[in-house]
Amino acid sequence: MRANARAVIGFSVVAAALLAVGMGQSWSVSLAVFNLCLISAVMALGVNIQWGYAGLFNVGTMAFAALGGLAAVLVSQPPVHDAMAAGGAGLLAAVAMTCLAAGSVWLACRLLPRGRPRALGIAAAAVAGYFAVAAFFDPAVEAIEAVDPSTSGYLGGLGLPIMLSWAAGGLLAAGAAWAIGRVALGLRADYFAIATLGISEIVIAVLKNEDWLARGVKNVTGLDRPVPYEIDLQQAGWFLELVRVLNSDALAGLAEAEYAAALRELTVEASGIFVKLCYAGLFLAVLLIVLALSERALRSPWGRMMRAVRDNETAAEALGKDVYRRHMQVFVLGSAVVGVAGAMLVTLDGQFTPNSYNPLRFTFLIWVMVIVGGSGNNLGAVLGGFIVWLSWIEAEPLALWAVDALTAAMAEGDPIRVRLVEAAAHVRPILMGTILLLVMRFSPRGVIPETVGR
Amino acid sequence: MDIDIVNAAVLLANFVVVPAIAYGSQLALGALGITLVYGILRFANFSHGDLMAFGTMAAILGTWQLQAWGIGLGLLPTALLALPVGIAAAVAAALAADRTVFRFYRVRRSAPMVLSIASVGVMFVLNGVVRVIVGPDDRSFSDGARYLINAREFKSVTGLSEGLSVRTSQVLTLALAVAAVAALFWFLQRTRAGKAMRAYSDNEDLALLSGVEPDRVVLLTWAIAASLAAIAGTLYGLDKSFQPFTYLQLLLPMFAAAIVGGIGQPMGAIAGGFLVAFSEIALTYPYKKFLRYVLPEDMQPDGLVQLLSTDYKLSVSFAILVVVLLWRPTGLFRGRVL
């Protein structure tokens, strides 16, 4: 089957599934799933840039998604001036000390003779640097976290519109990827995988514990929104009019009291759907932009070079391609895309919760999306994002439904039934693993295989 | 002064040495499994943590059944009796995974990366199975005497102001780990099958030419790795508590231990396990009280003197990993570079 036909069929199936969810559960649920599908698709595009284009086995996607989320907080939250006054200077001094310490370590590295003097010099510089940084950092952090700890206790953000954070999230993730790449890209492929897995855990640990940055596990809630609030919509005249016109059939012929109640209910429902549609529009725009750019890049000479690096590193190197720098490029670009998606996710949730990041959901699941969709094919990654997120999110209700159907004959409190209902919640990973393994085995190039233009 | 030094030593033993020995043994057993699979089957097995969880789960179910029957070991935890169940379950799971997933790629000599990604799939499935069977919550299954040496008794016997407590599970961990490692080394060094495994790890083609049966080597590798995983997981569960997700988090320190020691080097995996465990615990222990005993009155520290917050435990293993990889890519024990 041609790739185009597969794409058409695949996206039709996804659309049908979303419609089925809309009719079976509710349109609100269907749209919520659709929004997360869009975000997942962007993340999958990011991983596809790394794995599909250049064969980079990065298992640290979670870190970049979380950094994107952090950017959403740092850009959109209002600044906490008291905290800035209490600890800003100390933090700046700590940063200066860090630079100083790094500088002296670097100097020790450069100036001292090889062997024991150099090792001792570096160790001494590092230890002294540690204490010097701690001397400024610890009191500053304490002062910042003491400012109104129940509501703020952190530095706050820039107070800018949250849409800006999508770009900022990409930049932050790209910067982090550059720094991580400097350390990890020299490693062999499988060590690189383990190293990125480790780094992503560390990034999450930092976000959980550095309360001065984004309140750590105390979470930042009530983030700014790029779309109107439901409650405002319900009071807006134009929106009420819109609901009235759209539902004129259902509302026709109702008595006054009933009419008001019915209109109220319809308005509440419509406002939720309207907000989700707004998000969907924004996310879809981002997805299309990223997709267009990725597609453009993949079809360019640069994309061809990347495939050469992926398929045979040694041959590419022999032809004068700088493999390390090409890897760095895709690592940074792909991570930036994941960062954008991470910021979008936090925007949609309206809160930043470091505890919610776990590698199964934010790293390995994204990998499943890329592999299932078809690594190396951008459209495939997008489709993979849709399919995998849909099955991930709908596995639980479907399993519950199946359990209900199976145990319909049993009594309500039957222990076996209770046990099965509990278990139904955990079939997700089993389903995901099975899908991944089946696709790898029977359709290793994914649902929409890579197409290589000659 | 002298008594202060003893007190300081006891303090350190209680909070650093004893826990690190127990944790190190658990990591070492896990890392041995990883290093064997890495060295012989030649891929990074991401499902090892969940294989551990699976074996532990079976051991827990066995323990509960034994407890329900009223069978116990007195002072020792009942889980010891149920350990064979855990081992059998883990071996069965590993062999089933190999038969259904890994063999396919091995036969067609796929890239190690492909096998690693397949192991992610296996990880998902095992993770889900464990959660379906026992649920995601904390499960406690330790029984018997909790302490072998009680802090209070220790204080009253020795007259020191610092207590030393040694949990039964910690001693058990060390004893079982030593036994398992001794058995493993005897097997690898002395038996025909063990030698065949080492030969296969060293040079696959040469081993095949010399008449080593690849299927048997693979089977043995999985059986040993899974047994060690089940033992390590059960001991970890006894020592701390069982929660399916913690085993996923053990993956990183175990990989660090295996790589730091040198891939394919059993001795290295053990050394790596202890190195990681000791660094993790020593770097996150607050030394305030220790220094109070050792330093003179006027040099007392104000802070906790904790080098790293406890929450950064994971980063320690990673830092060790990176330093070793940059400084000596083959690991401390000159392992293979695949």
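Reader: Which residues in α2(B) meet residues in α10(B)?

Author: Happy to start there. B:His48, B:Gly49, B:Asp50, B:Met52 and B:Ala53 in α2(B) meet B:Pro244, B:Tyr247, B:Leu248, B:Leu250, B:Leu251 and B:Met254 in α10(B). Two residues are in contact if their C-beta atoms, placed from the backbone, lie within 7 Å. Helices here are DSSP runs of H or I with at least four residues, strands are runs of E with at least two, and both are numbered from the N terminus. A word on the model: it is predicted, local features need pLDDT of at least 70, side-chain atom pairs count only at pLDDT 80 or more, and totals for chains, interfaces and linings use all residues. Residues are numbered from 1 along each chain as its sequence is written, and chains are lettered from A and ligands numbered from 1 in the order in which they are written.

Reader: Why are α2(B) and α10(B) called oblique to each other?

Author: Their axes cross at roughly 140 degrees and come within 7 Å. Axes are lines fitted to C-alpha atoms, for helices over the stretch in contact, with angles from 0 to 180 degrees between N-to-C directions. Under 35 degrees counts as roughly parallel, over 145 as roughly antiparallel, 65 to 115 as roughly perpendicular, and the rest as oblique. The pair is therefore oblique.

Reader: What makes B:Ser241 partly exposed?

Author: B:Ser241 has 13 other C-beta atoms within 10 Å. A residue is buried with 20 or more such atoms, exposed with 12 or fewer, and partly exposed in between, with C-beta atoms placed from the backbone. So B:Ser241 counts as partly exposed. This serine lies in the loop between α9 (214–239) and α10 of chain B, and touches B:Asp138 and B:Ser140, not counting residues up to four places away in sequence.

Reader: How do you know that the radius of gyration of chain B agrees with a compact globule?

Author: The radius is taken over C-alpha atoms, and the globule rule is 2.2 Å times the number of residues to the power 0.38. For 338 residues that rule gives a value near 20 Å, and chain B has 21 Å, so the two agree. Of the residues of chain B, 49% count as buried.

Reader: Which helix gives the largest share of the side of chain B that touches chain A?

Author: In all, 32 residues of chain B are in contact with 35 residues of chain A. The largest share of that side of chain B, 15 residues, comes from α4(B).
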